[in-house]
Amino acid sequence: MKDIDKLSEGLVRGLARMNSRRGVLATIGGLVTGGAMFPALPVARASGGPSGSGYDGVAPQSTGNPMDPGDPSSCDYWRYCGIDGFLCSCCGGTANSCPPGTEMSPITWIGTCTNPADGVNYIISYNDCCGKPACGRCMCNRNEGERPMTRPQLNNDINWCLGTSTAAYTCSTAVIIGVALKEEGQG
Amino acid sequence: MKALGVLVIFAATAAAAQEAPGVESAQRAKMNWMLSCQGCHQPDATGSAGGAPSMAGEVARFLNVAGGREYLTRVPGVANAGLSNDQLAELLNWTLATFDKDHLPADFIPFTADEVAAGRTHPLVSEAAVLRETLRGNFVDDGRVGGAN
């Protein structure tokens, strides 16, 4: 015990001899200011990075498939050309699947989007996920090809949580269900 | 005789290319089904409770009752579909053959663009459901007699 006392006393006295009190304060101040300039936690890095969605806390994503390019957490992702809602990719699900605890609506609105990888128009089904409160993350409102309320089957401002056990809207998916033929007059 | 032979071969080829009466391209008809119908009627045409009615195993029965054929051209989903008359007629013929082949009459005459166009000029609105039930009441062939008639 005595030895520990002696050792720490020696270290502290040595430190005091080598440093002025002002110098210590200046060093601590420098560390505090400098440290604040670099986000230290991985969570903060995720939001500060070049996220496609631009939504805080959502890191960029990839399908991993070169024929399905883009970031599924970004409104610019090709399949979202007709979407209106919160991306399930940002809400614990994916562009194809619902977050846990929600139910995919069998009633959907369906359109086509052009895949930039092959230039082909794919038929996309925007199945809503239902059963939890609205996710509130990554709101996208592109609505390309949408028609007014007089054509309800192609209108996106109505709640498509139909045929599910609850009408509570959570988020939207964009599932590829087919390939469209290239033809004049097809919307 | 040779000309007749060529004609027969041509007719056979044309018949083989047509997968259903009045359907020029089944692929196009299916695409139009996906884009204009299946969102509400479901991929297998079974519909949903309280929503779009089921057509599977039933839709062609409308052809067997008076007024049923015209109803099919005036029902809102058909009359208001964003399709040309040609493609709408094709889609209607494809739908009948795909989802209710068993009830398709043997002497079925496919819908034409003109017939569809005539129906679309006076589409059904809220009375569609009432008319549907009235027509269904006239279905006689599998014990479904009843309804509003």
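Predicted model: local features only at pLDDT ≥ 70, side-chain atom pairs only at ≥ 80, totals over all residues.
Student: How is chain A built up, and in what order do its elements run?

Tutor: Chain A has three helices and eight strands, and from the N terminus on they run α-α-α-β-β-β-β-β-β-β-β. Of its 187 residues, 32% count as buried, and residues 24 or more positions apart account for 67% of the contacts in chain A with a separation of 6 or more.

Student: Why is Gly82(A) called buried?

Tutor: Gly82(A) has 20 other C-beta atoms within 10 Å, and a residue is buried if 20 or more lie within that distance, so Gly82(A) counts as buried. Its place is in the loop between helix H3 (42-48) and strand S1 (84-86) of chain A. Leaving aside neighbours within four places in sequence, the contacts of Gly82(A) include Gly111(A), Cys113(A), Ile124(A), Tyr126(A) and Asn143(A).

Student: What makes Asn143(A) partly exposed rather than buried or exposed?

Tutor: Asn143(A) has 15 other C-beta atoms within 10 Å; buried would need 20 or more and exposed 12 or fewer, so the value falls in between and Asn143(A) is partly exposed. The residue is found in the loop between strand S6 (139-141) and S7 of chain A. Although Asn143(A) and Gly82(A) are 61 residues apart along the chain, their C-alpha atoms are separated by 4.0 Å.

Student: What is to be noted about the phi of Asn143(A)?

Tutor: Its phi is positive, about 55°, although Asn143(A) is not a glycine. Most residues other than glycine have a negative phi. In chain B, Gln42(B) also has a positive phi, near 75°, and is a residue other than glycine.

Student: Where is Gln42(B), and how do you know whether it is buried or exposed?

Tutor: Gln42(B) is found in the loop between H3 and helix H4 (68-74) of chain B. It has 20 C-beta neighbours inside 10 Å, and since 20 or more is the requirement for a buried residue, Gln42(B) counts as buried.

Student: What makes the packing of H6(B) against H7(B) roughly perpendicular?

Tutor: Helix H6 (residues 85-99) and helix H7 (residues 113-120) of chain B pack at an angle of about 100°, with their axes 8 Å apart. Angles of 65 to 115 degrees count as roughly perpendicular, so H6(B) is described as roughly perpendicular to H7(B). The contact is made by Asn85(B), Asp86(B), Leu88(B), Ala89(B) and Leu92(B) of H6(B) and by Ala113(B), Glu115(B), Val116(B) and Ala117(B) of H7(B). By class, this contact has six nonpolar, one polar and two charged residues.

Student: Why is H2(B) described in relation to H6(B) as it is?

Tutor: H2(B) and H6(B) pack at an angle of about 90°, with their axes 9 Å apart, and because that angle lies in the range of 65 to 115 degrees, H2(B) is roughly perpendicular to H6(B). Among the residues that make the contact are Ala29(B) and Trp33(B) of H2(B), together with Leu91(B) and Trp94(B) of H6(B). By class, the contact has five nonpolar, three polar and two charged residues.

Student: What does chain B bring to its contact with chain A?

Tutor: 15 residues of chain B are in contact with 17 residues of chain A. Helix H2 (26-36) and helix H3 (38-41) of chain B each supply at least two residues of that side of chain B, the largest share, six residues, coming from H2(B). By class, the side of chain B that touches chain A has four nonpolar, ten polar and one charged residues.

Student: Which residues touch the most other members of the largest nonpolar core, and which elements contribute to the core?

Tutor: Of its 36 residues, Phe86(A), Leu87(A), Cys88(A), Cys91(A) and Cys171(A) touch the most other members. The elements giving two or more residues are strand S3 (109-114), strand S4 (121-126), strand S5 (128-130) and strand S7 (169-172) of chain A together with H2 of chain B. Apart from this core lies another, of 27 residues, among them Val59(B), Ala89(B), Ala97(B) and Phe99(B).

Technical notes:
Residues numbered from 1 in each chain as written. Chains lettered and ligands numbered in written order. Helix = DSSP H or I, 4+ residues; strand = E, 2+ residues; numbered from the N terminus. Contact = placed C-beta atoms within 7 Å. Nonpolar A, V, L, I, M, F, W, Y, C, P; charged D, E, K, R; others polar. Core = buried A, V, L, I, M, F, W, Y, C linked by C-beta atoms within 7 Å. Axes fitted to C-alpha atoms, helices over the stretch in contact; angles between N-to-C directions. Parallel < 35°, antiparallel > 145°, perpendicular 65-115°, else oblique.
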